[in-house]
Amino acid sequence: MSTSYPILEFDGEREAVIEPSKAIRHRDVPEHCVICYFPKTIEQARQELALRALRPVKCVMGEISVYSGSRDGQPFSILSGAVGAPLAVGCLEEIIARGGRKFIVCGSAGVLDRSIASGHIVVPTAALRDEGTSYHYLPPSREVEPTPEAVKAIIASLKENGYRYVEGKTWTTDAFYRETRSKVKKRRQEGCITVEMEAAALFAAARFRGVQLAQILYGSDDVSGAEWDPREMGREKSARKALFRLALNACLRL
């Protein structure tokens, strides 16, 4: 499709010039994978779960850790979350090429609704595509959804463990320094309750590759007011550990 805007020129050709399944030869990652955005939590899990380091994903900024382990005889992997849609999807592509098929992503998000307390759990049911990466994986649309099976696994894990949560739409943006008051208002009117930088792209890439993927978040800073409220941003340690455990439980259900 040719348009005035390159980002809308979706090409559905299945094979690219650099195709991950051909460029990456090793197949060492179990099909169940948690993508976790909490480095200290991963380090704790590495020790507690006796995780084994696999070959990292390499980029010009350094190495992104990949681990494997097992619980009750069921193997799983953990990928350190990469910030920003392009790198997050690049890492996802490589892990899919290495064997990953069932993904749960755990991270944090800014809230657009101040009633979502710091540390409260959010399950995104759709992501508004205000980034660039997803448009290379799916035709243009305003939103993209996670895979239903993965969302059901998250909710089952939350209910089984007695956690309260809220479901809703998230706003994925490439530019966190351009979350203007007018944009926040518009996104709220569209039903968005959180804002982050990866969900829409991850959902789109997962659908393109035919793998299962959903995300579980906790509320962090508040951008819903006239002034930014960082709240306890970056210091919700108990929420992070709990979210990782819930993500792993959900992943192993798939």
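## Close-up views of a predicted model

View 1. The buried residues of α2 include Thr41, Ile42 and Ala45. Looking down the axis of α2, its buried residues fall within an arc of 100°, so they line one face of the helix. An α-helix has 3.6 residues a turn, so residues three or four places apart point the same way. Among the elements that cover the buried residues of α2 are the strands β1 (32-36), β5 (66-71) and β6 (74-80), together with α7 (237-253). Ala50 follows α2 and has a positive phi, near 50°.

View 2. A search of the whole structure finds one cavity of 30 Å³ or more. The volume of the largest cavity is about 30 Å³. Its lining is made up of Thr41, Gln44, Ala45, Glu48, Lys241, Phe244 and Arg245. Both α2 and α7 supply at least two residues of this lining, and α2 gives the largest share, with four residues. Sorted by class, the lining of the cavity has two nonpolar, two polar and three charged residues. Thr41 and Ala45, named here in the lining, are also buried residues of α2.

**View 3. Asn249 in helix α7.** Asn249 lies in α7. Its relative accessibility is 17%, and Asn249 therefore counts as buried, since buried means under 20% relative accessible area. Apart from neighbours within four places in sequence, Asn249 is in contact with Arg71, Ser157 and Asn161.

**View 4. The largest pocket.** The largest pocket holds about 960 Å³ of space. It is lined by 34 residues, and those nearest its centre are Gly110, Phe176, Glu179, Asp221 and Met233. At least two lining residues come from each of α2 (39-48), β7 (102-111), α5 (181-189), β11 (192-196) and β12 (212-222). The lining of the largest pocket consists of 17 nonpolar, ten polar and seven charged residues.

**View 5. The second largest pocket.** The volume of the second largest pocket is about 270 Å³. Its lining has 18 residues, of which Asp11, Glu13, Ala16, His136 and Phe208 are the closest to its centre. By class, nine residues in the lining of the second largest pocket are nonpolar, one is polar and eight are charged.

View 6. Asp113 sits in the loop between β7 and β8 (121-130). With a relative accessible area of 28%, Asp113 is partly exposed, a class that lies between the limits of 20% and 50%. The side chain of Asp113 makes a polar contact of 2.7 Å with the side chain of Ser115. Beyond its neighbours within four places in sequence, Asp113 is in contact with Arg188, Ile193 and Ser224. Asp113 and Tyr177 are 64 residues apart in sequence, and their C-alpha atoms are 19 Å apart in space.

Key
Residues are numbered from 1 along each chain as its sequence is written. This is a predicted model: local features need pLDDT of at least 70, side-chain atom pairs count only at pLDDT 80 or more; totals for chains, interfaces and linings use all residues. Side-chain values use heavy atoms; hydrogens and water are left out. On a 1 Å grid over the protein atoms alone, a cavity is a set of points where a 1.4 Å probe fits but cannot get out, and a pocket is an open set with protein on both sides within 12 Å along at least five of seven lines; lining residues have an atom within 4 Å of a point. Grid points are joined across faces, edges and corners, and a volume is the space filled by probe spheres set on the points. Ala, Val, Leu, Ile, Met, Phe, Trp, Tyr, Cys and Pro count as nonpolar, Asp, Glu, Lys and Arg as charged, and the others, Gly among them, as polar. Buried means under 20% relative accessible area, exposed over 50%, partly exposed in between (1.4 Å probe, protein chains only). The arc is that of the directions from the helix axis to the C-beta atoms. Contact means heavy atoms within 4.5 Å. A polar contact is a pair of N or O atoms within 3.5 Å; within protein, one must be able to donate a hydrogen and the other to accept it, and residues adjacent in sequence count only if both atoms are side-chain atoms.
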